Amino acid sequence: VVVFRIGANCYLQYANLKFLFSFSFTEQVSLLLITMGNGPSCQLSCDETVNRIFRCLRGKGYIRNLKDNLKDLEREMEDLKATQQEVKNKIAREEAEHRQRLESVKVWLTRVENIDTRVNDLVITSPIQLAKLCLCDLCSKNVCLSYKYGKRVFLLLEEVKVLKSEGNFDEVTELTPISEVEERHTQPTIGQENMLETAWNRLMNDEVGIMGLHGMGGVGKTTLFDKIHNRFAEMVGGFDVVIWVVVSQGVEISKLQEDIAKKLHLCGEGWMDKNVSDKAAEIHRVLNGKRFVLMLDDLWEKVDLKTIGVPFPTRENGCKVAFTTRSREVCGRMGDHEPTEVKCLEWNEAWKLFKNKVGESTFRRNPDIVELAEKVAVKCHGLPLALNVIGETMASKTMVQEWEDAIDDLTRSAAEFPHMENKILPILKYSYDRLVDEHTKLCFLYCALFPEDHEIEKRRLIEYWICEGFIGEHQHVKTAVNKGYVILGTLIRANLLTEAGGPNTAVKMHDVVREMALWIASNFGKQKETFVVQARVGLLKIPKVKDWGAVRRMSLMKNSIEEITRGSKCCELRTLFLQNNNLKNLSGEFIQSMQKLVVLDLSHNWTFNKLPEQISKLASLQYLDLSYTSIKQLPVGFQELKKLTHLDLSFTEKLRSVDGISKLTSLRILKLLMSKVHGDVSLLKELQLLEHLQLLSITISTQSGLEQILGDQMLAACINGLHIRDFEQHPFSILSLMSMENLRELWVHKSHVTEIDTNLKYRENPCFANLSAVMLTRCNSNKDLTWLLFAPNLVTLAILLSEEVEEIINKEKTTNLTGIIIPFQKLKFCVLDNLPKLESIYWSPLSFPCLRSVYATNCPKLRKLPFNATSAPRLSEFSIRMCPPEQITDLEWEDEDTKNRFLPLFYKWQNTTLCRWFSVTV
């Protein structure tokens with residue numbers, strides 16, 4: 001004991017000084033008072049000093065109990081974390097039921113996370129601190145550090161115990177309050193009720209996180225969006241927050257973030273000083289874990305949700321992002337690949353909306369205006385914007401003459417109608433302004449040359465564009481055509497054009513959009529004679545034009561003009577549409593001044609039989625269409641058209657000769673299909689001299705003519721349309737056409753096609769890969785058409801007046817092809833007419849993924865169609881017609897499900913486009 005006391009005394013004298021000076025001044029004074037008594041004059045013995053210091057150091061046991069406290073801390077922390085996990089599990093279960101965690105629980109969980117970090121930091125250093133203990137763990141080699149460390153352990157232990165006791169929550173969540181949705185002011189809608197339900201149900205589908213509404217300007221997208229937004233205000237326990245943002249053109253990310261931040265109450269002090277990345281992090285922090293709806297109105301380009309800070313909506317988080325746009329392409333870029341299209345109103349709804357805007361009192365004052373009002377409403381073609389504006393304009397008009405004047409204005413030049421230029425056309429023009437380049441804009445404006453509600457054939461339109469120079473210079477016609485289809489796709493996705501025609505072969509322009517295009521083309525009404533369009537307006541003669549020298553493009557198509565005799569100085573005219581008239585006489589005086597004319601369309605003038613010699617003066621002419629005319633010969637001066645690249649002489653049934661055509665050195669496209677001029681040896685030899693010829697459609701009626709084509713690989717590769725006729729006595733092999741690699745349309749009339757050997761090696765490499773349309777008439781020597789297996793891209797098939805055809809595909813002949821070739825995978829239209837022996841199309845059901853229409857008439861032995869319950873998946877676009885209709889009841893079906901699926905479609909035949917196509921081809 002004595003030795004211990006002496007050793008401790010010496011040690012403590014050293015340690016006391018070191019220990020003492022490690023404290024603050026206040027702590028030093030307190031410790032000296034403890035060890036020295038009540039005053040500085042009092043002296044204590046060594047033993048008493050040591051005892052007092054020991055009592056001081058051992059008072060809370062920070063050093064003496066360090067080991068035990070560390071063990072207790074780890075044990076209590078484990079218990080706390082177990083409690084934390086139990087609370088989290090309970091929260092997760094209840095949040096799945098659209099409840100939200102209590103604020104007190106949020107605070108407790110945050111404190112637990114915080115203290116867990118602090119405990120880990122202490123425990124990590126514990127081995128080092130325990131190694132400093134000495135004298136049976138009663139003291140430390142570094143008293144100061146051990147004292148401080150022990151104190152931290154002790155206090156943290158007490159804090160853990162408190163948190164553990166506080167974690168016994170009776171409730172961890174509460175009902176989610178109704179989200180604060182400021183109801184947007186809307187007017188009663190007419191005709192959008194079904195669309196509203198469709199859009200709402202799709203948005204509420206758990207599988208849908210992003211939904212786009214697309215449609216042309218003025219169709220009512222924002223009105224529909226307002227209604228959807230207001231429905232969220234009626235939901236109980238649905239979403240934590242609903243955010244509405246108007247995006248518009250050229251909006252910046254920072255502006256979108258600011259609009260979202262305002263809704264989330266984040267725009268406090270310092271918000272504007274943050275950069276885009278920091279703002280995104282803040283928005284993400286607030287929205288993450290919340291069930292939100294983000295509504296973006298008037299989107300013109302993709303918005304990157306990640307850049308803004310918006311968590312991506314998923315099925316798991318239950319969030320929604322909805323937007324409106326005029327562009328279907330934007331829908332795809334945003335992630336909605338099956339967006340909802342907002343379409344114009346059907347007639348009943350449109351008329352109801354128009355009457356509502358005009359007011360019943362107006363009609364009551366003068367019932368005679370009701371019929372006139374209907375004509376005005378028809379001019380709006382179901383566009384809500386036009387119905388609203390024009391209806392409001394006419395609300396106070398009660399005289400018949402006022403309504404007749406309105407009809408005249410809307411027919412002659414709708415842009416002159418009151419409020420059209422300031423309330424309707426500028427809104428639609430936004431879509432035009434967003435087009436990517438000037439060439440695309442020119443292509444769009446060109447579509448206004450066609451009549452109201454006219455179906456514009458895609459391929460013909462693209463050929464116009466190519467010759468006008470809108471698509472640029474391309475060495476290959478195919479490349480230019482593909483570029484044209486790209487532009488068409490852009491215009492369709494921008495809702496400036498819509499798909500039309502049978503197998504989507506045409507496009508249409510909404511009449512109000514057409515008025516907008518004409519308005520732009522005439523420099524917003526300032527230069528109306530630049531773009532003269534009077535198509536399908538009943539003209540009997542060409543209209544009066546004040547300044548012919550100002551005219552750039554003129555369309556007089558689909559009228560009843562019989563002759564053009566007077567001369568006019570059209571020195572700037574580039575485009576002239578005269579097709580579908582009753583034209584008999586076109587004076588040379590009229591056309592000789594058109595030195596800049598590029599496109600001249602005279603097609604479908606059946607009584608037109610002579611081109612004037614002055615045609616040779618059209619030095620810039622590149623496109624000339626004389627199809628479906630009675631032209632008998634080409635004038636001598638015709639050979640002077642050195643820039644002509646496109647010549648259409650299809651269905652010129654009286655044309656005797658095209659001698660000298662090889663002089664047209666720039667010719668790239670020549671169409672002679674169904675012309676009286678057939679491809680004999682002499683003509684084909686002349687065509688071989690056309691170095692730039694790339695596309696040729698022609699009629700072949702002799703074996704020598706067919707051999708002449710097949711003997712020239714370059715000429716055969718140009719064939720994209722072929723009419724084979726009168727090969728009954730000399731059968732021809734369909735295999736002989738294999739070298740025509742670009743063949744797209746094949747017409748066979750009164751000919752015998754020899755059978756194809758399906759065992760040959762080419763069965764795995766289809767020999768008619770580009771063939772899309774086949775028409776056979778009066779082919780009475782064939783019992784089947786199994787060779788059609790080798791046309792995998794066939795879209796249209798018509799078989800007419802062929803008495804011996806028993807089946808389309810023969811089972812025995814395809815034995816070696818089972819599993820290799822599945823026929824008709826791209827077939828859209830099938831026409832079967834007057835086939836008295838036809839019993840089968842195919843012996844077993846086929847999928848027909850693209851099939852739209854089947855037209856079967858006078859095929860009495862056809863008792864079963866190759867369908868099952870899963871065939872033709874696009875049922876809403878599918879229809880069947882059979883004549884006589886009594887034959888329908890005698891049909892056999894694969895099973896009852898198949899019958900129930902297809903039988904109702906026999907009564908939905910509405911495909912007038914196909915009927916027109918059918919009548920023309922016959």
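Student: Which backbone nitrogen does the side chain of Ser840 reach, and what makes this a polar contact?

Tutor: In this model, which is predicted, the side chain of Ser840 reaches the backbone nitrogen of Tyr842 at 3.3 Å. A polar contact asks for a pair of N or O atoms within 3.5 Å, one able to donate a hydrogen and the other to accept it, so a distance of 3.3 Å falls within that cut-off.

Student: Where does Ser840 lie, and is Ser840 called buried or exposed?

Tutor: Ser840 belongs to the loop between strand E27 (829–833) and strand E28 (853–857). Its relative accessibility is 17%, and since buried means under 20%, Ser840 counts as buried.

Student: Which residues does Ser840 touch, leaving aside those up to four places away in sequence?

Tutor: Ser840 touches Glu806, Glu807, Ile808 and Leu862. Glu807 is 33 residues away from Ser840 in sequence, yet the two C-alpha atoms are 4.7 Å apart in space.

Student: What makes E29 largely enclosed by the rest of the structure?

Tutor: Of the 5 residues of E29, 4 are buried, and it is therefore described as largely enclosed by the rest of the structure.

Student: What kind of peptide bond joins Cys883 and Pro884, and how do you know?

Tutor: The bond is cis, with omega at about 0 degrees. Pro884 itself is found in the loop between strand E29 (879–883) and helix H27 (896–902). As a background to this, most peptide bonds are trans.

Student: What makes the phi of Asp298 and the phi of His381 worth a remark?

Tutor: Most residues other than glycine have a negative phi. Asp298, in strand E7 (residues 292–299), has a positive phi near 70 degrees, while His381, in the loop between H15 and H16, has a positive phi near 50 degrees.

Student: Why are Asp298 and His381 called neither buried nor exposed?

Tutor: Buried means under 20% and exposed over 50%, with partly exposed in between. Asp298 has a relative accessible area of 24%, so Asp298 is partly exposed, and His381, at 29%, is therefore partly exposed as well.

Student: What is the order of the sheet of 5 strands, and how is it paired?

Tutor: The order is E6-E7-E8-E5-E9, the sheet is open, and the pairing is parallel. Strand E6 (241–246) and strand E9 (340–341) stand at the edges with a single partner strand each, so one side of each has no neighbour in the sheet. E6 and E7 pair over 6 bridges in the parallel sense, and Val245 stands opposite Leu296 in E7.

Student: Which strands does helix H7 touch, and which strands does helix H8 lie across?

Tutor: Helix H7 (residues 193–204) packs on this sheet, where it touches strand E5 (210–214), strand E8 (320–325) and E9, and its direction makes about 160 degrees with that of E5. Helix H8 (residues 221–233) lies across E5, E6, E7 and E8, and runs at about 170 degrees to E7.

Student: Why are H16 and H18 called roughly antiparallel?

Tutor: The two helices pack at an angle of about 175 degrees, with their axes 10 Å apart. Angles over 145 degrees count as roughly antiparallel, and H16 and H18 therefore receive that description. In their contact, Leu385, Ala386, Val389 and Ile390 of H16 meet Met420, Lys423, Ile424 and Ile427 of H18. By class, this contact has 7 nonpolar residues, no polar ones and 1 charged residue.

Student: How do you know that helix H22 is mostly covered, and what covers its buried residues?

Tutor: In helix H22 (residues 511–521), 11 of the 11 residues are buried, among them Arg514, Trp519 and Ile520. What covers them includes helix H15 (369–380), helix H16 (384–393), helix H17 (400–412) and strand E13 (531–533). H22 is followed by Asn523, which has a positive phi near 55 degrees.

How values were computed
Residues are numbered from 1 along each chain as its sequence is written. This is a predicted model: local features need pLDDT of at least 70, side-chain atom pairs count only at pLDDT 80 or more; totals for chains, interfaces and linings use all residues. Side-chain values use heavy atoms; hydrogens and water are left out. Buried means under 20% relative accessible area, exposed over 50%, partly exposed in between (1.4 Å probe, protein chains only). Contact means heavy atoms within 4.5 Å. Axes are lines fitted to C-alpha atoms, for helices over the stretch in contact, and angles run from 0 to 180 degrees between N-to-C directions. Angles under 35 degrees count as roughly parallel, over 145 as roughly antiparallel, 65 to 115 as roughly perpendicular and the rest as oblique. Ala, Val, Leu, Ile, Met, Phe, Trp, Tyr, Cys and Pro count as nonpolar, Asp, Glu, Lys and Arg as charged, and the others, Gly among them, as polar. Two strands pair if DSSP finds at least two bridges between them.
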